[in-house]
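Dear colleague,

Please find below the structure that I am handing over to you. My notes on what was found in it follow directly after.

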Amino acid sequence: MTAEERLRRLMRDSGWSLPAWPDADARVQRAARRQRLASASIVAAVLLVVGTAALVPLALLDTASAPVATGHKHMTAHPSPPQSPPPRPQVIPPVGSAGFPARIYPAAVKPRLAVSALSLCPDAAGLEAPGSATPAAAKIVLHQLGRGFKSDLRVSDRSAWPLLASSWQSGRTRLFARAGRASVRYSGPLRSSPGVPAAVKHAIVAGCGRRVALSTWVIVYGPAGKPALDAAILFVTRRGHMLFYSAD
Amino acid sequence: MVETGPGKDSFGEFVAGALPGLLRFGHVLTGDPREAEDLVQEALARSLRRWHSVRSSDAVPYVRRAMVNTHITRWRRWEARVRLGHLPDRSIDDPELRRSEDWDRLRRALVRLPVRQRTVLVLRYYEDLPDTRIAQLMGCSPGTVRSQAARGLAALRPLLEPETVDRGATSDS
């Protein structure tokens with residue numbers, strides 16, 4: 001018997017069998033309903049990501065103050081979301097416009113490879129490696145995200161601005177009702193920690209380059225008990241300013 | 001004449017009949033019972049949403065294709081779990097699932113393989129699909145399928161030596 005035949009035989013071992021679900025049809029119907037809701041609007045999904053990102057600082061502020069927080073710390077959505085303006089077109093300020101100097105907010109660049117959901121990357125100019133002040137800065141940025149379109153722009157790199165503009169244009173008050181719970185699984189530099197999914201590292205290094213990767217600070221979070229749904233919020237520091245740039 | 005549109009009424013019957021095979025396929029594909037259940041549930045739910053356009057004779061292949069695509073997409077994003085050494089171990093101590101030492105070794109080895117290699121091996125040796133069909137399913141060339149299969153087989157070869165199988169078969173009998 002060849003190795004291939006043995007493999008074929010072992011793959012057909014009855015050990016692979018699993019018990020069928022007694023409520024299979026109802027279970028699938030429920031899952032289909034969830035999928036329909038989830039895919040009802042791409043805009044809603046984007047809003048959810050940004051909204052969840054806005055909730056993380058609230059939890060971070062309640063957790064231990066260690067710079068690198070691992071493990072599962074459960075947190076609850078803020079009970080009183082801030083006021084949300086009515087939907088209206090949001091205009092992205094051009095490069096070099098007042099209040100947004102080009103040395104801090106240079107034009108975003110296209111990823112080298114289409115390896116991830118990143119549609120834009122931060123410009124590598126002026127980026128700095130994370131330092132001792134980075135954990136605190138990340139908390140501040142997260143805390144500020146979601147308060148207003150202009151204030152979001154001030155704490156974000158231009159590569160995140162299209163996402164923020166579409167979120168604010170669509171209105172964001174629903175986010176706080178949906179976001180629910182999240183657990184912070186990791187907060188730290190992208191470059192060296194096993195707490196960051198390799199797929200995220202690869203996407204940043206291959207898509208945005210080594211300098212962006214070396215400067216990136218990551219917060220990995222997700223719903224309690226569902227690590228497969230983890231998401232990552234990414235930041236860079238440019239000339240002393242910490243900037244949110246992606247939520248993967 | 002091609003029979004089309006099984007309809008929602010028949011979906012429940014389809015699930016009842018096809019579920020054991022789909023769960024088994026998902027288990028081989030993922031190496032983990034819970035992930036297999038999640039995968040089957042997600043693929044069936046996706047299929048239900050497009051059930052009106054599924055030919056009844058193609059329903060099982062359709063769902064299996066959805067499982068493969070979902071599995072690859074999911075692991076493309078989260079394969080770090082494998083690279084970081086995460087091994088699903090929920091079934092290791094389940095005596096009902098430990099049919100044989102060889103099977104358990106194979107399960108562990110399959111889980112350690114990169115997702116594309118594992119998927120190619122499952123489609124080739126469990127589903128008996130030709131390489132051209134596998135390539136079509138996975139969105140790559142037949143040459144890539146062959147190279148992935150060769151690498152996967154090479155990784156598994158120590159487990160597939162004759163004495164390993166013979167010992168497992170003896171202890172299992």
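In chain A, 70% of the contacts with a separation of 6 or more are between residues 24 or more positions apart; two residues are in contact if their C-beta atoms, placed from the backbone, lie within 7 Å. For chain B, 68% of the contacts between residues at least 6 apart in sequence join residues at least 24 apart.

Please note that this is a predicted model, in which local features need pLDDT of at least 70 and side-chain atom pairs count only at pLDDT 80 or more, while totals for chains, interfaces and linings use all residues. Residues are numbered from 1 along each chain as its sequence is written, and chains are lettered from A and ligands numbered from 1 in the order in which they are written.

Chain composition

Chain A has 9 helices and 6 strands, whereas chain B has 9 helices and 0 strands. Helices (H or I, at least four residues) and strands (E, at least two) are DSSP runs, numbered from the N terminus. The pattern of chain B along the sequence is accordingly α-α-α-α-α-α-α-α-α. Of the 248 residues in chain A, 40% are buried; of the 173 residues in chain B, 35% are buried. A residue is buried if 20 or more other C-beta atoms lie within 10 Å of its own, exposed if 12 or fewer, and partly exposed in between, with C-beta atoms placed from the backbone.

Chain A

In helix α4 (residues 134-144) of chain A, the buried residues are Thr134(A), Pro135(A), Ala138(A), Lys139(A), Val141(A) and Leu142(A). Their arc about the axis of α4(A) is 165°, so they too line one face of the helix. An α-helix has 3.6 residues a turn, so residues three or four places apart point the same way. After α4(A) comes Gly146(A), with a positive phi near 95°.

Arg239(A) is not a glycine, yet its phi is positive, at about 50°. Arg239(A) sits in the loop between β5 (231-238) and β6 (241-247) of chain A, and is exposed because 11 other C-beta atoms lie within 10 Å.

Chain B

Axes are lines fitted to C-alpha atoms, for helices over the stretch in contact, and angles run from 0 to 180 degrees between N-to-C directions. Angles under 35 degrees count as roughly parallel, over 145 as roughly antiparallel, 65 to 115 as roughly perpendicular and the rest as oblique.

Helix α6 (residues 115-126) of chain B packs against helix α7 (residues 131-138) of chain B at about 135°, with the axes 10 Å apart. The two helices are therefore oblique to each other. Their contact involves Thr119(B), Val120(B), Leu123(B) and Arg124(B) of α6(B), and Ile134(B), Leu137(B) and Met138(B) of α7(B). In the loop between α6 and α7 of chain B is Asp128(B), which has a positive phi of about 60° although it is not a glycine. Asp128(B) has 9 C-beta neighbours inside 10 Å and therefore counts as exposed.

The axes of α7(B) and helix α8 (residues 142-156) of chain B come within 8 Å and cross at roughly 100°, which means that α7(B) is roughly perpendicular to α8(B). Here Asp131(B), Thr132(B), Ile134(B) and Ala135(B) of α7(B) meet Pro142(B), Thr144(B), Val145(B) and Arg146(B) of α8(B).

The axes of α6(B) and α8(B) come within 8 Å, crossing at roughly 95°, so α6(B) is roughly perpendicular to α8(B).

Finally, His27(B) belongs to helix α1 (residues 7-30) of chain B and counts as buried because it has 24 C-beta neighbours inside 10 Å. Apart from neighbours within four places in sequence, His27(B) is in contact with Trp16(A), Leu18(A), Pro33(B) and Ala36(B). The C-alpha atoms of His27(B) and Arg107(B) are 9.3 Å apart, although 80 residues separate the two along the chain.

Technical notes: Arc of directions from axis to C-beta.
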